[in-house]
Structure formats: structure tokens, C-alpha cells
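Subject: Structure handover

Hello,

Here is the structure for your files, and my notes follow below it.

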Amino acid sequence: YPLPVVEFLGSESGLGFFDAGFIAQGGGILIRPPFFENTSLDIELHITRAGQPRVTEESDGKNPGYIGRISFFAKPADEHSFSVTASGYYEDGELPGGFVNLDVLYMWKPVGEFRSLIIGGEIFFVHHEFVNPVIEEIHTNPIGWFLYAQYQIDWHWYAGIRWDEVQSLGNEKVQTDVFSAYLSYYTSEFF
């Protein structure tokens, strides 16, 4: 997982976000603007209890969380598509917390060929409150982001690079940067 996702949300392997399950109640709407062909605008609002993501881990997990998402997708040509998504999560309570993020994705995929190029990135702006036994209540506003590019070599093989940078939830002055390269094998081209 990208570092900002693990730092702010936790991971599915038992470090936070999905420990207590994920229940979303609410609704969404899909709008296809009539003035742009091959586009869509997706708007969602949910009330949830999300199993204590790391950004609100100090809460008791009983407070409702609120999720909002707006996503624009366009396919200006058969080989090209892109999307821009803004999301937010907020949990109220004695120690409220949440984040907003922006996710951008571009994909080039020639029709009928097993080649593709994906370039994307995501940035998180976080509000985190927690209790420190010495200083009492602390407020932090860390930022985290990642950029990546992935090229499909053939039907199953992909090569990629990713650059992650994240500030610690507990201390914004503590920052981690990682650059990685990877080779992936997918059993299907739909990953």
C-alpha cells in the first residue's frame, strides 16, 4: 500500500482501517453531463462507521463518520482516459479527525493491444487530534502523497515506479520518503 494510505488509514492486514469492518449507509448519484460525450460525474455521500481508521484511532469507534466523494471521468479518445476525484472523511467526537484527498489518473491503452500506461497520484490533507499523556490534547495536520507510473509490457506483466512521501500523524516534522520500482504479474489484465 502507498505510505500515506497506511499512515492515515491503516491497512487491511489488521493495522487499522478495516479492523472492525466497514459499514456505509447513504447514497450516491451518477450524472452524465449531456454536453460532454464520454464523460461522467459521480457524487456520493455516506454515513459510516469505518472500523477506526488511524486518523481517528483515538476515538472509541462509536462515532459516525461522514464520507463525501466527487469524481469526474473522461475518455476523449479510444486510447486515452483520465479521472479526477476529490474525497473526504470526517469523524466527530471528543477527538475529531479526518482528511480530504485529491486523486488524479491518466491511462493510455491502445485498442486491441496488451499494452497500457497508467500515470497517477494522490495527495492527502489530514486533521488529527490525539491525547499525549504529557502535553494533553494535540492537533496535527500532516500531508502525504504518492505518484506512480505503470507500463503494461504484455498481457500479464507490468513494470512500475512509485514515489511516496508522508508526514507522521503524531509529528508533522517526521517525514518518510520512499522511491520504489516493481514488476507485477496479473492473472488477468483487469486488476
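Which side chain does Glu122 join in a polar contact? The partner is Asn101, at 2.2 Å. A polar contact here is a pair of N or O atoms within 3.5 Å; within protein, one must be able to donate a hydrogen and the other to accept it, and residues adjacent in sequence count only if both atoms are side-chain atoms.

Before the rest, two notes on the basis. This is a predicted model, in which local features need pLDDT of at least 70 and side-chain atom pairs count only at pLDDT 80 or more, while totals for chains, interfaces and linings use all residues. Residues are numbered from 1 along each chain as its sequence is written, and side-chain values use heavy atoms, with hydrogens and water left out.

Overall

The protein has one helix and 10 strands, in the order α-β-β-β-β-β-β-β-β-β-β along the sequence. Helices (H or I, at least four residues) and strands (E, at least two) are DSSP runs, numbered from the N terminus. Of the 191 residues, 35% are buried; buried means under 20% relative accessible area, exposed over 50%, and partly exposed in between (1.4 Å probe, protein chains only).

Charged residues

The structure contains three salt bridges, each defined as a side-chain nitrogen of Lys or Arg within 4 Å of a carboxyl oxygen of Asp or Glu. One pairs Arg69 with Asp42 at 3.0 Å, N to O. Arg69 is in strand 3 (residues 65–77) and Asp42 in strand 2, so this bridge ties together parts 27 residues apart in sequence. Another pairs Arg69 with Glu44 at 2.6 Å, N to O. Glu44 is also in strand 2, and the pair links parts of the chain 25 residues apart. Arg69 counts as partly exposed at 28% relative accessibility, and so does Glu44 at 22%.

Asp164 and Arg162 form a salt bridge of 2.8 Å, N to O. Asp164 is buried, with a relative accessible area of 1%, whereas Arg162 is partly exposed at 21%. Shared partners join Asp42, Glu44 and Arg69 into one network of salt bridges.

Back to Glu122, which lies in strand 6 (residues 116–132). Glu122 is buried but has no salt bridge, and the nearest side chain of opposite charge, Arg69, is 9.1 Å away. For charge, Lys and Arg count as positive and Asp and Glu as negative; His and the chain ends are not counted. Leaving aside residues up to four places away in sequence, Glu122 touches Asn101, Leu102, Asp103, Gly144, Trp145 and Phe146, where contact means heavy atoms within 4.5 Å.

Other residues

Val100 is in strand 5 (residues 97–108) and is partly exposed at 46% relative accessibility. Beyond four places in sequence, Val100 touches Ser87, Gly88, Ile123, Phe124 and Phe125.

Asn38 sits in the loop between strand 1 (23–31) and strand 2 (39–49). Its phi is near 55 degrees, a positive value in a residue other than glycine. Most residues other than glycine have a negative phi. Asn38 is exposed, at 51% relative accessibility.

Regards
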